[in-house]
Amino acid sequence: MKLTYLSHSCFLLETGTHRLLIDPFLSGNPKAPVKPEAVKCDFILISHGHGDHVGDAVAIAKRNNATVISNYEIATYCSKQGAKAHAMHIGGGHDFPFGRVKLTIAHHGSGYQTEDGFLYLGNPVGFLITTGGKTIYHAGDTGLFMDMQLIGQMNRIDVALLPIGDNFTMGIDDAAKAVEFLKPQVAIPMHYKTFDVIDADPHEFARKASATGARIEVVDIGKSFEF
Ligand code: NI
Ligand code: MN
């Protein structure tokens with residue numbers, strides 16, 4: 001299993017048989033290490049409707065004939081734009097050719113900004129992805145919530161991808177508490193330093209969160225973590 005960090009909340013997960021792209025914010029992202037035209041994938045997971053998560057999803061999906069997996073509102077929006085899409089919603093899981101995806105709650109917004117104002121794109125979500133005997137939790141954008149304890153009780157999480165940037169999501173201390181709740185084998189910080197307002201230090205997070213006993217991996221942009 002190979003997980004490559006493409007900056008912000010964007011990861012490419014290569015399972016050996018499939019390529020899953022999560023929250024592909026590449027165009028207009030000052031930290032993006034690749035152009036959207038260069039990304040190859042089979043599935044695209046979108047956590048919520050904000051531009052820094054929907055990103056280039058529709059264009060990448062169409063070019064790759066990839067399937068978007070998201071909440072009902074975002075999946076419907078993407079299919080209206082001409083992309084293949086599979087709609088789900090919070091609490092629901094589904095078996096895909098690569099494995100299983102379950103949508104979790106996330107406490108955040110999900111409006112998509114258009115020229116005419118905000119388009120309603122449902123509730124934000126996180127993802128539990130189970131593939132090749134491993135479970136990956138991508139929290140999306142969220143504040144800390146108590147149900148992370150439940151997610152940790154009901155799933156053996158191998159890798160948790162957690163926002164630490166503060167302002168829009170959990171900051172470092174809350175993300176460290178999330179690690180305590182989720183009990184993952186490994187936690188990887190995301191959603192930091194893309195913009196000045198989320199200028200959190202991932203190594204401070206690593207110091208604080210490693211007190212929980214979890215292994216914290218700060219993955220540099222463009223680099224991969226294998227597990
Ligand atoms: Ni957001
Ligand atoms: Mn965001």
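Biologist: Which residue in S2 stands opposite Thr 4?

Modeller: Leu 12 of S2 stands opposite Thr 4. Keep in mind that this is a predicted model.

Biologist: What makes S1 and S2 a pair?

Modeller: Two strands pair if DSSP finds at least two bridges between them. S1 (residues 2-5) and S2 (residues 11-14) share four bridges. Therefore they count as paired. The sense is antiparallel.

Biologist: Which residue takes a positive phi in the hairpin of S1 and S2?

Modeller: Ser 7, with phi near 80°. That hairpin has five residues between the strands.

Biologist: How do you know that S2 also pairs with S3?

Modeller: The cut-off is at least two bridges. Four bridges join S2 to S3 (residues 19-22), so the pair qualifies. These strands run antiparallel.

Biologist: What is the bridge partner of Leu 12 in S3?

Modeller: Leu 21. Leu 12 also stands opposite Thr 4. In the hairpin of S2 and S3, Gly 16 takes a positive phi near 105°. Four residues lie between the strands there.

Biologist: Where is Gly 222?

Modeller: Gly 222 sits in the loop between strand S15 (215-216) and strand S16 (224-226).

Biologist: Why is Gly 222 called partly exposed?

Modeller: Buried means under 20% relative accessible area, and exposed means over 50%. Gly 222 has 40% relative accessibility. That value falls in between, so Gly 222 counts as partly exposed.

Biologist: What is Gly 222 in contact with, leaving aside its neighbours within four places in sequence?

Modeller: Thr 4, Tyr 5 and Pro 33. Contact means heavy atoms within 4.5 Å. So each of these residues has a heavy atom within 4.5 Å of one in Gly 222.

Biologist: How many residues separate Gly 222 and Val 34 in sequence?

Modeller: They are 188 residues apart in sequence. In space, their C-alpha atoms are 8.1 Å apart.

Biologist: How do you know that the radius of gyration of the protein chain agrees with a compact globule?

Modeller: For 227 residues, a compact globule would have a radius of gyration near 17 Å. The protein chain has 16 Å, so the value agrees. The C-alpha atoms fill a box of roughly 45 × 40 × 30 Å along the principal axes.

Biologist: What share of the residues of the protein chain counts as buried?

Modeller: 53% of the 227 residues. The protein chain exposes about 9700 Å². Carbon and sulfur atoms supply 48% of that area.

Biologist: How many helices and strands does the protein chain have?

Modeller: Six helices and 16 strands. Among contacts between residues at least 6 apart in sequence, 59% join residues at least 24 apart.

Technical notes:
Residues numbered from 1 in each chain as written. Chains lettered and ligands numbered in written order. Predicted model: local features only at pLDDT ≥ 70, side-chain atom pairs only at ≥ 80, totals over all residues. Heavy atoms only, no water. Helix = DSSP H or I, 4+ residues; strand = E, 2+ residues; numbered from the N terminus. Rg over C-alpha atoms; globule rule 2.2 N^0.38 Å. Buried < 20%, exposed > 50% of the residue type's maximum accessible area, 1.4 Å probe, protein only. Areas by Shrake-Rupley, 256 points an atom, 1.4 Å probe, with all protein chains shown as cover.
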